[in-house]
Amino acid sequence: MTRPTKATSEFRRLLADHCNGTLEESQFERFDALLHKDEAARETYLACMAVEAELHACHASSASPAEQPAASAQPRSLEPAINRSRWASRFAIAAALIGVAVLSSGLTLTVEKLSDRNADAVATANAEASQLAVTPVARISATRNCRWKKPEGQVGFGAELMPQQRLELAAGVAEIAFDSGATVILEGPATLDINDGKDALLLSGRLAARVPSATGWFTVRAGRIGVGEEQPRASHAEFGLLADGRGGGEVHVFGGSVRAHLLDNAGDQIRSVQLLPSEAARVRPASTTVSRFRADGDRFVRSLFSSGGPHGGLYAYEGFDYPSGPLAWQNGGFGWAGPWADIEAGDDLDPNSMGGSTNLVTEESLAYGPMAATGNRAIQTSQRNRIRRALSTSVGGVFDAAGLVENRDGHRMLGSDGKTIYVSFLQRIDKLDDVFYGFEMHRGDGNGNRVLCFGNGADGAGYGVTSNYNAYGARNFPSLGEENADVNLIIAKIEYGTGDRDVVTVYRNPASLLDESRCEPIAKLRGNFAFDRISFGNFDGSKQHEVDEVRIGTNFRAVTGKRDPAGNLERSVAELQDGWFATKPVGVAGSSGTYLRPLSF
Amino acid sequence: MARAGDDFSRATEADDVGDRDLRAQFARVFAQNDRWLFAYLVTLLGSPADAEEVFQEVCVILWRDYDKFDPTTNFMKWASVIAHHQVHRFRRTQTRRAKPLSDAVVDLLADEAVAKADLMDSRRLALHDCLKKLPASDLELERHCYSDSRRSMKAVAELLGRPANTVYKAMNRIRQSLHGCIDRKLASEGTV
């Protein structure tokens, strides 16, 4: 209720005197007695005092310059927040200096009678304010046909976003990567406040969010509906959010489990509901009830990554956008000759086995920094496993049309002389140095036909690159550096020379996803590398082997998923890329090169 | 091979980041509620000038103890306990002349101000639109009366060279007008 109930006229007269400062001491008792016995009087008093307090606050903040304290230090990036809140007056000294200066609304004012303890707190807060003022918490990682309401704000592809920054997207779609790991796709027209790296407020419009399990927590609010939990998450989540700009909102869950909260006008939680995939909840502006209905994924743009077919030098793609279960016979992506086929599928009774297969699809993509990832991921849970998929190398197929196929006595393979092919994939294992696993490229099935293998244990070479089609012995296979249990991005560039003198250059976790010249190779191998299929193998030991985001194309950006809108090509690569990766090179054992390790996301 | 020092520095760095996140989160919650907190103190103390004084002390305590605040709980409730306590401490230093409200009423108001925070917030927000509708002369008088909490309306009347009674009556009329405007605005928004 926001309108006070009717108090007596006697109380109103006393209240008016109280506000004017003319309430006599003889009237105190009556005034107090009425407040004590009459709830309506208290409600009227509360309403009146709220307005009195606000009048003091806002009029004090608009005092003449002569009345304003001299010192003023507004961090540039906090200006929008300051404009939104005019809370600055002499009585806000403590808040402004001790607390509000950190993030919200305070001006830095002179301090009267602050104790040493207060002064320390002020110094700490001011130091933190200056630090926060220059620390971005998110970045616009992709755009499509974007038009911003304030073009002078220089918001666009690659822009760093500060805490408390407001994004006003008039049209188009923008992808925002938060430093917590969450990704939001904002669809214009929409207004979004970036509160910090883990929290945002959708004032109007719609967005789709992907929150990997490694994110910890991420919260986003739309009107009176809030999504997320301020606790470490157990699993990933993907959901859409709508805000009508009048307090109403909807949340649609596409993956994982999401807790949606109904909030009051102050933002406090009234109740919450747990939503599962394909469930949605709606709150209307003036309602206190949550209605549940079926989620509608078609109402949201959920990815800016274009996977509809070959484009921009990308000829084959597999994002494992399949439901959890066996990978065999799945037939998505593009650039392939047919579905996945089990070659070997663990004959032991694995508790993780689904339907007998241990070459599986499981929920959530492997997350790797700003690289776009959609769908789920492949996982091999048992130890006698190999699954393969043949590429579309037939006459008139996508690779043939691009002139990439060579015909060797009727065996059609990628590897035309003078051509270059890039292959990229994400790979992770959960146990180090545990016998064999690998991402393989073959010309026909069988170990003898393994052209290249990226992993551990092949021919006893350790973590590295091996091949059965080269002139090296097992001892000379190049290392991929120190094996780890993180998600690793591997990019192999294969240059097909005449006379089968091919060269493969390997990048592991490259410093840039845009500019190959900034990346240090970690391995290089010479041999005969024409191939017609890929496979994943996992043998012996007890590890799990995961693979995701397989791309085959003819240029570096095509396989990193970072094809750049033409309008942004004038910007330097460094400008676009700096900040996502550490600049300190990490030495790699057994290699003269170095590679840059991605920061944690 | 990782060294113990590296582990320590990584742990310290992680602690720093966690603490910074917590402070930033607290700052955000604080900023969302600072106006309400001041209004809460004005309500309990009945005087903006006294509220300013107590507000400073409450802010120092809140920021000193920010790490004790559980972000999953209600900030208003947490802050109101501290503020209520500080109000009682302050009142113990006051004379009877300065205390129109009894302790019992202060306690009643303390509970209801938290329970009816929506009422206070929506009226405060609506006020800004209503101020724009005031005639310039009323706005000017109001600015004089509210720009310095230590300046009484009698002092404002002297400053303006007007009889004090006319200032009191004018301010009663202006307040009545503002509250009427707020009521109508909230009713039209369907929030009443």
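This is a predicted model: local features need pLDDT of at least 70, side-chain atom pairs count only at pLDDT 80 or more; totals for chains, interfaces and linings use all residues.
Start with chain A. Its secondary structure comes to nine helices and 32 strands. The chain has 601 residues, and 50% of them count as buried. Now take the contacts in chain A with a separation of 6 or more. Residues 24 or more positions apart account for 58% of these.

Next, look at the backbone of chain A. Most residues other than glycine have a negative phi, and most peptide bonds are trans. The peptide bond from Gly188(A) to Pro189(A) is cis, and its omega is near 0 degrees. Pro189(A) belongs to strand 4, which covers residues 183-196 of chain A.

The other two places concern phi. Phe320(A) is not a glycine, yet its phi is positive, near 55 degrees. Find Phe320(A) in the loop between strand 14 (314-318) and strand 15 (325-326) of chain A. Is Phe320(A) buried or exposed? Phe320(A) has 26 C-beta neighbours inside 10 Å, so it counts as buried. A residue needs 20 or more for that label.

Asp409(A) also has a positive phi, near 55 degrees, and is likewise a residue other than glycine. Its loop runs between strand 20 (405-408) and strand 21 (411-414) of chain A.

Turn to the nonpolar cores. The largest has 69 residues. Which residues have the most contacts inside it? They are Phe38(B), Ala39(B) and Leu41(B). Helix 1 of chain B, residues 4-45, gives the most to this core, with 15 residues. Leu41(B) shows where some contacts lead. Leaving aside neighbours within four places in sequence, Leu41(B) is in contact with Ala51(B), Val54(B), Phe55(B), Ala83(B) and Val87(B). A second core is separate and has 67 residues. Tyr315(A), Trp340(A), Val361(A) and Val451(A) are among them.

That leaves the helix pairs of chain B. Two packed helices are described by the angle between their axes and the distance between the axes. Take helix 2 (residues 48-64) and helix 3 (residues 75-92) of chain B. They pack at about 130 degrees, with axes 10 Å apart. Helix 2 of chain B and helix 3 of chain B are therefore oblique to each other. Their crossing is right-handed. From helix 2 of chain B, the contact uses Asp50(B), Val54(B), Glu57(B), Val58(B), Ile61(B) and Leu62(B). Facing them in helix 3 of chain B are Ala79(B), Ile82(B), Ala83(B), Gln86(B), Val87(B) and Phe90(B). By class, this contact has nine nonpolar, one polar and two charged residues.

Helix 3 of chain B also meets helix 4 (residues 103-115) of chain B. The axes come within 10 Å and cross at roughly 160 degrees. Angles over 145 count as roughly antiparallel. Helix 3 of chain B and helix 4 of chain B are therefore roughly antiparallel to each other. This crossing, too, is right-handed. Helix 3 of chain B brings Met76(B), Lys77(B), Ser80(B), His84(B) and Val87(B). Helix 4 of chain B brings Val106(B), Ala110(B) and Val114(B). The residues of this contact divide into five nonpolar, two polar and one charged.

Val87(B) ties the picture together. Val87(B) meets helix 2 of chain B, takes part in the contact with helix 4 of chain B, and is in contact with Leu41(B).

Terms used: Residues are numbered from 1 along each chain as its sequence is written. Chains are lettered from A and ligands numbered from 1 in the order in which they are written. Axes are lines fitted to C-alpha atoms, for helices over the stretch in contact, and angles run from 0 to 180 degrees between N-to-C directions. Helices (H or I, at least four residues) and strands (E, at least two) are DSSP runs, numbered from the N terminus. Angles under 35 degrees count as roughly parallel, over 145 as roughly antiparallel, 65 to 115 as roughly perpendicular and the rest as oblique. A crossing is left-handed if the near helix is turned anticlockwise from the far one by less than a right angle, and right-handed if clockwise. Two residues are in contact if their C-beta atoms, placed from the backbone, lie within 7 Å. Ala, Val, Leu, Ile, Met, Phe, Trp, Tyr, Cys and Pro count as nonpolar, Asp, Glu, Lys and Arg as charged, and the others, Gly among them, as polar. A residue is buried if 20 or more other C-beta atoms lie within 10 Å of its own, exposed if 12 or fewer, and partly exposed in between; C-beta atoms are placed from the backbone. A nonpolar core is a set of buried Ala, Val, Leu, Ile, Met, Phe, Trp, Tyr and Cys residues joined through C-beta atoms within 7 Å.
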